[in-house]
Amino acid sequence: MTAHSIIRAAGLLFLLAPGLAPAQAVSAADARAVRAVIEAQLEAFRRDDAPRAFSYAAPGIRDSFGTPEKFMAMVREQYAVVYRPRSVSFEEPLMAGEDLVQPVRMTDGYGRAWVAIFPMAKQPDGSWRINGCHLARLPARET
C-alpha cells in the first residue's frame, strides 16, 4: 500500500466515525448490488478462481494487471485479509465526494481487525465493479 493509499484510507476512516452521516445517501438497490459484487469476488478468492475474481475488478484495474494470475498473486501477497478473511461484516456504503465506497470490516487469520474500503465504479451498463481496495488495521483485536 502506498503512502497515498494509507492517507486516503485514513481519510475514509474519518468518514466512518460515529455521528457523521454521508453527504449523499446510497440507494438500497446500489447498496445491494455493490455488496453482491464484493461478496462474489471474496467467494472467487476463497475458491482460488482467478478469472472470476478478476472479472469483478474495474477495467482500469484489469488493465493494470493484464492477467487474472498477476492480479491474484498481488492479492495473495498484499491483501491477505481480503484473500482469506476469517470474518466479514459490511458497513453501510457511503458517498465520499463523487465516489461510492463500501467499508467492510474483516478479521484476518490471526484475529486482527481491519477495515477494507472498496471504491466502486459504476459501469456504462449500470453494473458495479471494484475500483481498488484500501486497507487499514483497526486497533481492536477480534476474538
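Analyst: Arg35 counts as partly exposed, at 38% relative accessibility; buried means under 20% relative accessible area, exposed over 50%, and partly exposed in between (1.4 Å probe, protein chains only). This is a predicted model, in which local features need pLDDT of at least 70 and side-chain atom pairs count only at pLDDT 80 or more, while totals for chains, interfaces and linings use all residues. Residues are numbered from 1 along each chain as its sequence is written, and side-chain values use heavy atoms, with hydrogens and water left out.

User: With which residue does Arg35 form a salt bridge?

Analyst: Side chains of opposite charge can pair when their charged atoms come close. The rule asks for a side-chain nitrogen of Lys or Arg within 4 Å of a carboxyl oxygen of Asp or Glu. Arg35 meets this with Glu39, the closest N and O atoms being 2.9 Å apart. Both residues lie in helix α2, four residues apart, about one turn of the helix; helices (H or I, at least four residues) and strands (E, at least two) are DSSP runs, numbered from the N terminus. Glu39 is partly exposed, with a relative accessible area of 36%.

User: How many salt bridges are there by this rule?

Analyst: The count comes to eight. Arg76 forms one of these with Asp48, the closest N and O atoms being 3.8 Å apart. Arg76 lies in helix α5 and Asp48 in the loop between α2 and α3, so the pair ties together parts that are 28 residues apart in sequence. Arg105 forms a salt bridge with Glu91, with 2.7 Å between the closest N and O atoms. That pair links strand β3 (residues 99–107), which holds Arg105, to the loop between β1 (87–90) and β2 (94–96), which holds Glu91; the two residues are 14 apart.

User: Which residues of α5 are buried, and where do they lie around the axis?

Analyst: Pro68, Phe71, Met72, Met74 and Val75 of α5 are buried. They cover an arc of only 160° around the axis (taken from the directions from the helix axis to the C-beta atoms), which puts them on the same side of α5. The face turned away from that buried side carries the exposed residues Glu69, Lys70 and Glu77.

User: What covers the buried residues of α5?

Analyst: The cover includes α2, α3 (50–55), α4 (59–65) and α6 (80–83).

Note on methods
Contact means heavy atoms within 4.5 Å.
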